[in-house]
Amino acid sequence: MIATAMSGTFHFAQFELDLAAYALRVRGKSVKLEKIPMEVLILLVQRAGTLVQRSEIQAALWGTEVFVEHDAAINTAVRKIRQALGDDAEAPRFIQTVVGKGYRFIAPLESPANHRRSVFPRYSLKVGKEEFILQSGETVLGRDPSAGVYVDHPSVSRTHARISIGSEGATLHDLGSRNGTFLNGRRIGAAEKIYDKSVIGLGPVTVVFCVLRDPVSTRSMSAGESAD
C-alpha cells in the first residue's frame, strides 16, 4: 500500500480520482480498476508532472521483502490504467512512458484543495517536442532520471539547474553545472527572474519557459532534441 495521505479528490479531463473512496469515476460513473492498477494510478497522480521510476513503484507497492515479477506486474498495471482512461501509449494524454526509466502523469491536474473549479497549471517548460507541467515550489532540471525535468543529453549535468515558482513568479538558478545555464543567450550566476517565452540553455540544450493560459498537450521527445 502506498504510504501517503489517502484523502481528497483529483480531477483530470472528465475523470475524478477519489482517494478516500478509493474510486475512479468518469462523469460521476464508477470505472472498474483493480487494486494494483489503482495503487499505481494514485502514485502517479500524486506526483503529477514528475518521473516516477519503476523502482519507486516497486518499493511503494511491494516493498523489498515481497517476491513478485515486478516488471510484468507494473506493465500489466499501466496497461489496465490506460484501458480505463482510454489512453494511448503512442500518443498519451495521461500517462507517458519514459523508456527504461518509468512513467509520468502528464495531464493538467486539479488538486484536492481546488476540486470545485477548473484549474490549469500556470507554467510549463518545452523541451523539444515534450512539454513539462511545472508545479509551485522547486523543479530540478538535469540528466538524473529522478529530476523533475529529465533531459537526456551528455552535456547536461545530472542536476543542472532549478526553477523555483512562488507567489511572485518564477526564478532560474544554476546548480554549479559544468557547461553553464543560460537565459536568453546570457550565462547566469545568481538567480534570475524568468518570464513567458524565456529561452533557457542547459549547456547546448535549449528549452523554453511558458506561462500557460490554456490546458497543454504533451508529446514524447527524442533524446537530445532542443525546443522549436
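User: How many of the chain's residues count as buried, as a percentage?
Analyst: Of the 228 residues, 47% count as buried. Buried means under 20% relative accessible area, exposed means over 50%, and partly exposed lies in between, with a 1.4 Å probe and protein chains only. This is a predicted model: local features need pLDDT of at least 70, side-chain atom pairs count only at pLDDT 80 or more, and totals for chains, interfaces and linings use all residues. Residues are numbered from 1 along each chain as its sequence is written, and side-chain values use heavy atoms, with hydrogens and water left out.

User: What does the secondary structure come to?
Analyst: The chain has 3 helices and 18 strands. Helices (H or I, at least four residues) and strands (E, at least two) are DSSP runs, numbered from the N terminus.

User: Start with the helices. How do α1 and α2 cross?
Analyst: Helix α1 (residues 35-46) and helix α2 (residues 54-62) have axes that come within 11 Å and cross at roughly 120°. That makes α1 oblique to α2. Angles under 35 degrees count as roughly parallel, over 145 as roughly antiparallel, 65 to 115 as roughly perpendicular and the rest as oblique. The axes are lines fitted to C-alpha atoms, for helices over the stretch in contact, and angles run from 0 to 180 degrees between N-to-C directions.

User: Which residues make the contact?
Analyst: From α1 they are Ile 36, Glu 39, Val 40 and Leu 43, and from α2 they are Glu 56, Ile 57, Ala 60, Leu 61 and Trp 62. Contact means heavy atoms within 4.5 Å. By class, the contact has 7 nonpolar, no polar and 2 charged residues. Here Ala, Val, Leu, Ile, Met, Phe, Trp, Tyr, Cys and Pro count as nonpolar, Asp, Glu, Lys and Arg as charged, and the others, Gly among them, as polar.

User: And α1 with α3, what angle do they cross at?
Analyst: Roughly 80°, with the axes of α1 and helix α3 (residues 70-85) coming within 8 Å. That makes α1 roughly perpendicular to α3. In this contact, Ile 36, Pro 37, Val 40 and Leu 41 of α1 meet Ala 77, Val 78, Lys 80, Ile 81 and Leu 85 of α3. The residues divide into 8 nonpolar, no polar and 1 charged.

User: Leu 85, is that buried or exposed?
Analyst: Leu 85, in helix α3, counts as buried, at 4% relative accessibility.

User: What is Leu 85 in contact with, leaving aside its neighbours within four places in sequence?
Analyst: Phe 12, Phe 15, Leu 24, Leu 41 and Phe 94.

User: Switching to strands. What order do they take in the open sheet?
Analyst: The order of the 6 strands is β9-β8-β18-β17-β14-β15, with antiparallel pairing. β9 (130-134) and β15 (186-187) are the edge strands, each pairing on one side only. Two strands pair if DSSP finds at least two bridges between them.

User: How covered is β8?
Analyst: Mostly: 4 of the 5 residues of β8 (residues 123-127) are buried. Strand β8 is joined to β9 by 5 antiparallel bridges, with Lys 126 partnered by Glu 131 in β9. β8 also pairs with β18 (residues 205-211) in the antiparallel sense over 4 bridges, where Leu 125 has Phe 209 as its bridge partner.

User: What sits in the hairpin of β8 and β9?
Analyst: There are 2 residues between the strands, and Gly 128 takes a positive phi near 65°.

User: Which strands pair with β7?
Analyst: Among them are β5 and β6. β5 (residues 52-53) pairs antiparallel with β7 (residues 102-105) over 2 bridges, and β6 (residues 95-98) is joined to β7 by 4 bridges, also antiparallel. Tyr 103 of β7 is the bridge partner of Val 52 and also stands opposite Thr 97.

User: Which residues other than glycine have a positive phi?
Analyst: They include Ala 13, at about 50°, and Lys 197, near 70°. Most residues other than glycine have a negative phi. Ala 13 lies in the loop between β1 (9-12) and β2 (15-18), and Lys 197 in the loop between β16 (192-194) and β17.

User: Is Ala 13 buried or exposed?
Analyst: Ala 13 counts as exposed, at 55% relative accessibility.
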